[in-house]
Amino acid sequence: MPSTALTRTLLRRTSATTLSLLSRTMSAAAADEAISPATTRVGWIGTGVMGRSMCSHLIHAGYSLTIFTRTQSKAQPLIDLGAHFAPSPAALAAQSDVVFSIVGYPSDVRSVHLHPSTGTLSTLRPGASLVDMTTSDPSLAADIASAASLKGCSAIDAPVSGGDRGAKAGTLSIFAGGDEAAVRRLAPLFECLGRVNYMGGPGKGQFAKLANQITIGSTMVGLVEGMVYAHKAGLDVGVYLDAISSGAAGSKSLDLYGSRILGRDFEAGFYVNHFVKDLGICLRECEKMGIALPGLALAQQLYVSLQAHGEGSLGTQALILALERMNNISLAAAAPS
């Protein structure tokens, strides 16, 4: 090989090695820096029913927030609190140390983080962290974690449970998957939102949330079936719900939704459309695992029937409408005046 060519090759290799070492050094230095309002810039993507309340807790805790949402007007209440608006996920990530996202569907998650020109990973600096709180595919969470690692960043899948009330109260249950040390480092931020539970490596947070949704699906079916039965039996459904709330049939679903159902309040704390998405992911994962969960399949079909009636934008407590149609009854008469 001619000496000039050899020199160029050696320079390229030396440069690549130097950059790699620099990236790792920057990553380690950033990871060692404690999370605090004084040192940590936070980016937040998604300001829907859940995200808006969650983001506001971080602002009230004193963190500097930059937000992105496809409809800027939805972010206005947070901007009024002091948040800054970014025109794209990439622009947001360029000025953030930790980026949170809570969006609608896996396709949104992939676009937000992995798009080559507008995604967060196109601009996120070494040592920064991604936290996706969307309920999404476990395999996608693993892909994002792998892509982040190549950039010297960490990525945590951290879907949540607790609904709109949990988001407003800061009492969400957070299922975290990824590097355990990274999860521990992010604890000051998670504590603003609820209680974090470390579930294992990349994707394990998503698996935990999907198991949570399977449990909720069957619990909701049981709740509304019991209400229909009590109504048909001539019981005061409100008294019945109060009676079972402290017994073995008591549940978080009853506490959150019993009175809403009786009051015909179907405003979304969690959309039917999003729950159908979650249960669909569960069913696909079950197929991969080779397991049969008939309660999950039934719940998914009942919620799909709500979509067929144009009720996908209602809350999950609207499941009572499917049971009312099946039995040609209405609990509206049982609602308190």
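Good morning. A residue is called buried when its relative accessible area is under 20%, exposed when it is over 50%, and partly exposed in between, using a 1.4 Å probe and protein chains only. By that definition, buried residues make up 49% of the 337 residues in this chain.

The model is predicted: local features need pLDDT of at least 70, side-chain atom pairs count only at pLDDT 80 or more, and totals for chains, interfaces and linings use all residues. Residues are numbered from 1 along each chain as its sequence is written, and side-chain values use heavy atoms, with hydrogens and water left out.

The chain contains 15 helices and nine strands; these are DSSP runs, numbered from the N terminus, with helices (H or I) of at least four residues and strands (E) of at least two. Taking a contact as heavy atoms within 4.5 Å, 66% of the contacts between residues at least 6 apart in sequence join residues at least 24 apart.

I turn now to the surface. Phe-207, Met-289, Ile-291 and Leu-293 form a nonpolar patch with about 330 Å² of accessible area together. Patch residues have over 30% relative accessible area and no salt bridge; nonpolar side chains (Val, Leu, Ile, Met, Phe, Trp, Tyr) are joined within 5 Å, and like charges within 9 Å. Ile-291 sits in the loop between helix H13 (272-289) and helix H14 (294-308) and is partly exposed, at 43%.

Next, the salt bridges. A salt bridge places a side-chain nitrogen of Lys or Arg within 4 Å of a carboxyl oxygen of Asp or Glu, and the structure holds 10 of them. In one, the closest N and O atoms of Arg-125 and Asp-97 are 2.7 Å apart. This pair links distant parts of the chain, 28 residues apart: Arg-125 in the loop between helix H5 (106-114) and strand S5 (129-132), Asp-97 in the loop between helix H4 (89-94) and strand S4 (98-101). Arg-125 is partly exposed at 28%, whereas Asp-97 is buried at 8%. Together with Arg-41, these two residues are linked in a network of salt bridges.

Lastly, Arg-325 and Glu-311 meet in a salt bridge at 2.7 Å, N to O. Arg-325 lies in helix H15 (residues 319-327) and Glu-311 in the loop between H14 and H15, so the pair ties together parts 14 residues apart in sequence.

Key
Areas by Shrake-Rupley, 256 points an atom, 1.4 Å probe, with all protein chains shown as cover.
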